[in-house]
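Please look over the structure shown here together with its sequence. The report that follows takes up a few of its features in turn.

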Amino acid sequence: MTELEELRLQVSGMTCTGCEQNIERVVSRLEGIRAVDADHTSGSVVVRREPGSVDDDAIRQAITEAGYSVVD
């Protein structure tokens, strides 16, 4: 089995578990995503994906389009 790549992002605008679920849902729809774990208390989003699948910008764009801000 291929090792998954992990991307960790800081996201502002998450205030509740509903926000976590929203981010997890929109990012999970992207091709190659295997797991998404959002935490509103820390503002962190951890994405696990297949190597060479969706790029970082597409993940950031999905989060932004859902109404949140990715902090660089």
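Predicted model: local features only at pLDDT ≥ 70, side-chain atom pairs only at ≥ 80, totals over all residues.

Cys16 is in no disulfide, and the nearest cysteine sulfur to that of Cys16, belonging to Cys19, is 3.7 Å away.

Four strands form an open sheet in the order 2-3-1-4, and their pairing is antiparallel. Strand 2 (33–39) and strand 4 (69–71) are at the edges, and each has a single partner strand, so one side of each is left without a neighbour in the sheet. From one strand to the next, the twist averages 35°.

Between strand 1 (residues 5–12) and strand 3 (residues 44–49), the antiparallel pairing extends over six bridges. Within this part of the sheet, Glu5 stands opposite Arg49, a residue of strand 3.

## The helices and a loop

Helix 1 (residues 17–28) lies across strand 1, strand 2 and strand 3, and its direction is at about 160° to strand 2. Helix 2 (residues 56–65) also packs on the sheet, where it touches strand 1, strand 2, strand 3 and strand 4, and its direction makes about 30° with that of strand 1.

In the loop between helix 1 and strand 2 lies Arg29, which is exposed, with a relative accessible area of 63%. Although Arg29 and Ala62 are 33 residues apart in sequence, their C-alpha atoms are 9.4 Å apart in space.

## Salt bridges

Across the whole structure, a search finds five salt bridges. One of them joins Arg34 to Glu50, with the closest N and O atoms 2.1 Å apart; since Arg34 lies in strand 2 and Glu50 in the loop between strand 3 and helix 2, the pair ties together parts that are 16 residues apart in sequence. Glu50 is partly exposed, with a relative accessible area of 30%. Another salt bridge links Glu6 with Arg8, their closest N and O atoms being 3.0 Å apart; here Glu6 is partly exposed at 41% relative accessibility, while Arg8 is exposed at 61%.

Asp56 forms a salt bridge with Arg49, where the closest N and O atoms are 2.7 Å apart. Arg49 is buried at 7% relative accessibility, whereas Asp56 is partly exposed, with a relative accessible area of 26%. Glu5, Arg49 and Asp56 are linked in a network of salt bridges.

Terms used
Residues numbered from 1 in each chain as written. Heavy atoms only, no water. Pairing = 2+ DSSP bridges. Helix = DSSP H or I, 4+ residues; strand = E, 2+ residues; numbered from the N terminus. Axes fitted to C-alpha atoms, helices over the stretch in contact; angles between N-to-C directions. Contact = heavy atoms within 4.5 Å. Buried < 20%, exposed > 50% of the residue type's maximum accessible area, 1.4 Å probe, protein only. Disulfide = S-S within 2.5 Å. Salt bridge = Lys/Arg side-chain N within 4 Å of Asp/Glu carboxyl O.
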